[in-house]
Amino acid sequence: MTLEFNETLIAFDLQAGDAKEVIDLLAGRMHAQGFVAADYGRQTWEREQHHPTGLPTKPFCIAFPHADAEGVHRSALGVAVMRQPVTFQNMADPDEGLDVSVVFMLANRDPEEQIQTLRNLATLFGQPEKLVELREQSTLLGVASWLRRELRLG
Amino acid sequence: MGKLIVVACGAGINTSTIAEDSIRERIAQEGFADVEVKRILMADIEGYLTRTDLVLIVSMMKIFRTFDVPVIQGMPFLIGSQEEKNVLLNKIVDVVNSK
């Protein structure tokens, strides 16, 4: 993947009141490093209202919030591993709330690249043991090296 | 006449691409030469329902209505195990063979 990724784009053992807080935090970190426009968090939250991104993966749910490519300067991946789950709505059924434990926030400049990111993530989504491995990392650096290895990030 | 499978998702993220990849791969393995797999937005489905070559709808969204052709819920393509994906692919092959 040509995504940029670094330790400061990971929120580890995050305590947040709701999904919006998680999105704002990750978008804020992306913005601080120049990856996305200042309103990327707001754009992402707005999109989430119409087209939610929660997925009922096993054994815990994940979400992959994102906004359109216009707000992205350089492609990046932000990840939050939650201490307690936050609620995202189910992509397949927006009326259903899901308890999400890991949030993959995408910022892709190019739609084709976004599909590739999603392909790489989807190989993890179908493997419960991999998701457990991610959530059970005990340090932020553990999360970072796990993501680098499993998603072949730079 | 050819056979059309539409893969529908709710928004522009193209989660249907993940399902499309798997279906195309299996279609090629089966040697089906006359099957078209097309990615669409669920909002555009009406335009495809009148097509006489439509044999199957694969939907990444939960479906709240009925159709004249079979519908398969495609979420396992995105989050399911290989076994779950194979179950869906076998169903798709059965539908194509039966038309």
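Let's start with charge on chain B: there are 11 positive and 13 negative side chains, and the centres of those two sets sit 3 Å apart. Keep in mind, everyone, that this is a predicted model.

As for the inside, 53% of the 99 residues in chain B are buried.

How does the overall size of chain B look? Its C-alpha trace spans about 35 × 30 × 20 Å along the principal axes. The radius of gyration is 12 Å, which agrees with a compact globule, because a globule with 99 residues would come out near 13 Å.

Now the fold of that chain. We have four helices and four strands in chain B, and reading along the sequence gives β-α-β-α-β-β-α-α. If you look at contacts between residues at least 6 apart in sequence, 56% of them in chain B join residues at least 24 apart.

Let me move over to chain A and its strand pairing. Which strands pair with β5(A), residues 93-107? One of them is β3 of chain A, residues 61-63, which runs parallel to β5(A) over three bridges. In that pairing, A:I62 stands opposite A:V102.

Another is β4 of chain A, residues 76-90, and here the sense is antiparallel, over eleven bridges.

Thanks, friends, happy to chat about any of that.

Technical notes. Residues are numbered from 1 along each chain as its sequence is written. Chains are lettered from A and ligands numbered from 1 in the order in which they are written. This is a predicted model: local features need pLDDT of at least 70, side-chain atom pairs count only at pLDDT 80 or more; totals for chains, interfaces and linings use all residues. Side-chain values use heavy atoms; hydrogens and water are left out. Helices (H or I, at least four residues) and strands (E, at least two) are DSSP runs, numbered from the N terminus. The radius of gyration is taken over C-alpha atoms; the globule rule is 2.2 Å times the number of residues to the power 0.38. Buried means under 20% relative accessible area, exposed over 50%, partly exposed in between (1.4 Å probe, protein chains only). Contact means heavy atoms within 4.5 Å. Lys and Arg count as positive and Asp and Glu as negative; His and the chain ends are not counted. The place of a charge is taken as NZ of Lys, CZ of Arg, CG of Asp or CD of Glu. Two strands pair if DSSP finds at least two bridges between them.
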